[in-house]
Amino acid sequence: MKKILLLCFAVVLSIPVAWAQERVVSGKVTSEEDGSTLPGVNVLVKGTTTGTITDFDGNYKITVPDEAELLFSFIGFLTEEVPVSGRSVIDVSLTTDITQLSEVVVTAAGIEANKRELGYSIQNVNADEVKNSGENNFVAALSGKVAGVQVTSSGGAPGAAAQIRIRGNKSVQGSNGPLFVVDGIPIDNSTFNTFDSPEDDVSSLGSGGVTNSNRAIDINPEDVASLTVLKGPAATVLYGIRAANGAVVITTKKGSRNSAAKVKYSFGYSIDKVNKLPDLQTEYAQGSVQGGVPTFQAAMTGSTQSQSWGPLISSLRYANESSVWDPNGLIVTASDPRATNRVPNSYNNAEDFFENGSNMTHDLSVSGGTEKTSYFFSVGRLDQTGIMPNSDFARTSFRATTSAELFTNFTATLSANYIQSGGKRVQNGSNTSGVMLGLLRTSPSFDNSAGYIFEDGSQRAYRGGSIYDNPYFTVNKNFTTDEVNRIIGYTQLSYDAAPWLNVTYRLGVDTYGDDRIFRNDVNSSSVPVGQVINMTIRSKDINSDFLMTFKRQFSEKFDFNATVGHNYYKKDIHINRIDGQGLASPGFFNIASATAVNVSEGVTRRELYGLFGTVTLNYDNQFFLNLSGRNDWSSTLPEENNSFFYPAASVGWDFTQTFGVSSSFFSYGKLRASWGQVGNDAPFAVTNNGFVQSRVRDGWTTPQGVIFPALGINAFNPNSLLGNNELKAETTTTIEFGTDLQFFDGRIGLDLTYFNATTTDAILNITIPSASGWQQRAVNSAELTNKGIEAALTASIIDNNAFTYDVALNFTRIRNKVEKLAEGIPFITIDPFGTQRIAEGEPFGIFFGSRFLRDENGQMVINPDDGMPFEDSTQGIVGDPNPDFQIGFRNTFSYKGITLSFLLDIREGGDVYNGTKGVLNNFGVGEETLDRNERVIFPGVLGEVGTDGSITPTATPNNIEVVKGGTDGGTNYYQNYGFVNLTELTIEDGSWIRMRDVSLNYNLPSSALSKLPFSAVSVGLTARNLFLITDYTGIDPETNLTGDSSNVIGYDYFNNPNTKSYGVNVNLTF
Amino acid sequence: MKKIYKQLFILCFAFTMMTSCEFGDTNVDPAVPTDVAMSALLPSGEAALSWAIGGEMVRISGLLTQQFEGINAQQQDNYKYLIRDADMDGMWQRMYHNSLNTINVIIEKSQEQNAPHYEGVAKVLMAAGIGALTDAFGDVPYTDAFGGDEGNFSPTYDTQEQLYTNIIPGLLDDAIAKLSAAESAGGSPGSDDLIFGGNLDLWIAAAHSLKMRYTFQMAKRDAGAYDNALTMLPDVISSNGEDFEMEFGSGANETNPQYQFSQSRAGNIKMGEYFINAFTTDDTREALFINDIFELGEGANGYYTVSSAPVVLMSYVEVKFIEAESHLMKAAPDEAAAKVALDEAVNASFNKITGSVTPAAYQADLDARWTAAADKLEVLIDEKYIATYSQSIVVWNDYRRTGYPALDFVTGGTNAFNTNGEIPRRLPYPQEERLLNLANLPIKTPNLQTPVWWDE
């Protein structure tokens, strides 16, 4: 048996040798600062490799020679040297090492490490920062707080998803989201659309439907004790492919042993308001130019006119005649015999629509522990109402984590988190029932709020009936409800088999059911016959980790630790969707009453095995070397390619120690470098071909069409995707260099990191010509690079006993480029309208579209017929959504118990596609169209049209004067380039400066507490998005239409707007 | 200590077991079968083809010939002749992927499984689809198309001349032969045939009628086409009851594409002024063609806009108009025969739409107009403009072939793709072809005034 054992471990470990015993010494190690016991302290006999570590209560026992000296060392504390001098009990108290950066971080696979020892970049986020952000979705709470991380929300609707990217987008079509790990258990962070069948999720990319949540929203921010962001492969290699895009590692709150029960209650309340809306004109009425005259046309005149190119509202009058469309009366021209002298009202329907939303949170927790156990229980409740009527979100969370030392050195931890979440969702985006679509297009001469439904059930909307839904109709009648019931739990068994060996096994499960009812009421514009979709999503993640960690101090100067482990992961998602159309009566959303019912089923599953190992060597706390590797076997790759290995190495060098630099000016300096690879597997089921149940329709008839089984028969057609049985894993290789520097005894700290990540063999479904019979094909071919600089600066500017002022600044600059796609594939479209692309040689997600025709000097070429600039007959690149850089700037002031903190968030660059504006200008409701009557000469040169239709620029400057909005009967500039307008005109700079969050907290002093039953009391005020400075003309440019459900970025097409909020919170500890 | 070693041993053993991993069918999507029968593919092929032709193609033809007026969204642009290549991606994908690829798989399977009746049906459908595509776009891929599963991702184009003179008639001749086979060992279409319910004679008549259409359509290039078309008369569709059309259903998930467009995109189009004015007071079809359903999403029960309305792929009405025009325009014109066929065509239209014969007053008016007309072709096409409303892109083809009806161009029809502001002579190739198959694309820069081969 021993032989086998040796085989197993000879490589990584030397077997300890028995030691001559002369005396047994025991004692307790405590912290000098607060007297608390310190578990896990290294106790080493100086000059030998003999040692032990303290147990959970800070006790140790060691056998030593009489004349030995003991070294007590622990992360964040000064090492203590104590001669034994014949004693048998030695209690030691360790002093905090203030000159050292002693941040303990949780790295991959739950391994704790001292940040000093790492050769790669890692960043912690303080739990209070998450809490004080005022965000209910802790993904959104990370905005601006971590260098290299970009967070985008999908708008301010309750429960809206937020998208997070660490060091940019690395995969073309696969997920670019990081892995979320809670207490060592990876959790699901999917966003599922409720729009249509599973295959349509792909094709529609969630451009319509309702606002959905990303499932990390289920984690109660109040339960978070600390949060670490792992960025590159050197940091994440042990997590394997699932952390190919980085990892967000969350440690939840736990109880501590030997402490009395601590009860904590927190309350928070905040009010949400819409933070930015597009500017709309309120002067011109609904209508169009008829025979050179802007003419009022509206539902009350029997027209379905969509546009507002009518006359000035002030030129119209209410008539002495009622109209069902306007409680103030029929609107007529001033010269109409029925006209009164009352001028019609004009409405800013958008501003009138939004209400104040609210968030209320209650959180109660109890924690504590006995000699051998510890416990933490919490219950949290969030109630959120949206800024749109009839929208809400609620979350109830229970968490229990208990830990017990069942027998000596064997600890079992059990944790369970039950969450119920969900709410009423509003419709969104490119969808005639979308709230913003009907709302913003409404003419200023029509008041949406004066009723949305007539007695016969038909709609009162600005175009008459149900062409575009009245936004009040859609929020009250077409809402979706969802309810998630989720359990995340794990069991962890940890055994300190020897002072140098820990064995841990952890089995986690994350499972939920998400039951949704999607409604389109009778007379809704999307489905006038009425529709109800019952959709059930069942997701199950099982994760098993086995870890062995070896720790050895070979000598006073030489530390070694190693971990080997095994991982098994299985994911199953099952979506059942029952689509019922043709409802028996309005408001009766019973699937059994629908006249046509279709059922579809979607399955995604994946299994993964991984074996991994890591070795860290520490020489004299100056040189650190880490070597790691993992091999994965994935079910989504063809059998012959399903095993893949990737390694990582990192080095760190504390050069201040080596060179003995110990001035108080330059107090610490470390250089680090790492190289690592991480693999990524394929999406589910792209290795083979097949047939799918047929669904016949076009882009104008979604969500309907002929959905088989239909016409009395079932039918199939070949899948649009051609499978590929030669796929292999994609690989991202990252090189990272960095330095951690501290000055003035650690009062100023600077972390600088440069990284260069190259993804090769990226798997993508390339579009192929439909004439080949299929539309997409999975290939391994793309190559993407992401290069960036991340900097984190911290400074304690003022620090005296009464007053402190600290700043923390995060800087991120990422440049990405698509080096290569596939043979013959110049681009891939990733958005629903073909405007956003991944194109070879360009940054990720460039905007591509129509633009003006320009001559070689860049001058617009003007149509000699109508004086309008010509459109270029070919499309091209018109924008880049990637920001130039981002800065998060935290300022914290503390005076006695009062703390004021604010985070300024700056984004420079990053174009946003404002499709909303293109349409609103075409419709004559955008504020820009107020210049409709201006006579202008478009700058440029005249073009000459050849007999073959070709256009040649001439040298003649344009001299044709036109009325810009065509209100004289001429061509309307705002409509000349189509419905969504020229793409070039809809790309805007999305730079911003915003006050991301502000908090003012007051902790009651102990003198005041003595009269109260509390051990701690704090009260605070918070504000989120207090101000936003941007040139962007639409809603908050941070929002993104598709949320987290796709790789689309910077996309604004009738998105729901974002919010700002003001709140209070109270925290009481008993 | 020994206990620990024992545990460690077990773990080491577990590790070494992990040398290879098999996952069984974990990576197979249970919702995506690897094979299905021809009878499960045929309904999909028929419905998808009918949807593409009866939906987007009818709409674009109607917008360009002012049967419809676009009043919102991209339909407004298209009505004003602003048709971008990206607007065509959908139509192209619906044709090549959703319908014709399915049909091509049926052809391949029918050959493997010795099922000539399925092969015949599939080839008629293929000819109808490729015919509609080439009339709209000119040169299109066929011979080299549908090869994605064999690694051909850049199909070459067949010229329209090839398609018209060789490929389409070849497909149809072959279809007729296969449909006439006495036996079809691999099976014959039955209830899975949503168009003719497995009636092979009707498929044969449809095949002959399509052959006639694609012969006749070449007349602008080849004056002999009229006489050639007339020789095909004995075998073509001989009554409304034999029309090659697909009936949709009234269930919410099986309704006709125009009806669905009116429901999900109400207010994007309305009936065109020219079309409304084309009806005389005696025309009992007007109430069934002209209604508000596109504009308002609700309204009278139009013939082609009720939920279960058929999509017509080839009709007796069209056959009769082809006969009439051929008699009128052939090398030795026969006006009398033309008039007889025209009357039959108009009567068939009234019968189809209203269930009654041509009203006497209407017939009298038609007779008078015929007699008075300087160009009898104009009278004929004006009648066809109404009678073939919502039948594929027949009306736009007629306009391009004859210049009738005498439409005015819409105002604001000048743009970078249509620089003279006249009615487009073709649709632009879809953007996906320009970007993914540029080398093979016959026209690299979109120009809507470049005529297709038969229109040159």
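The domain assignment of chain A, with bounds from an automatic or database assignment, gives domain 1 (19-94), domain 2 (140-274 + 357-433 + 478-688 + 723-845 + 880-910 + 993-1069), domain 3 (283-346 + 434-467) and domain 4 (851-874 + 924-989). The model is predicted: local features need pLDDT of at least 70 and side-chain atom pairs count only at pLDDT 80 or more, while totals for chains, interfaces and linings use all residues. Residues are numbered from 1 along each chain as its sequence is written, and chains are lettered from A and ligands numbered from 1 in the order in which they are written.

Between the C-alpha centres of domain 1 and domain 2 of chain A lie 40 Å. Their contact (C-beta atoms, placed from the backbone, within 7 Å) takes 11 residues from domain 1 of chain A and 8 residues from domain 2 of chain A. On the domain 1 side, β2 (42-45) and β3 (51-53) of chain A each give two or more residues, strands being DSSP runs of E of at least two residues and helices runs of H or I of at least four, numbered from the N terminus. The largest share of that side, 3 residues, belongs to β3(A).

Turning to chain B, the axes of helix α13 (residues 316-329) and helix α16 (residues 376-387) of chain B come within 11 Å and cross at roughly 170°; axes are lines fitted to C-alpha atoms, for helices over the stretch in contact, with angles from 0 to 180 degrees between N-to-C directions. The crossing therefore makes α13(B) roughly antiparallel to α16(B), a label for angles over 145 degrees. Residues of α13(B), including F321(B) and L328(B), meet residues of α16(B), among them L377(B) and L380(B).

Conventions: Angles under 35 degrees count as roughly parallel, over 145 as roughly antiparallel, 65 to 115 as roughly perpendicular and the rest as oblique. Two residues are in contact if their C-beta atoms, placed from the backbone, lie within 7 Å.
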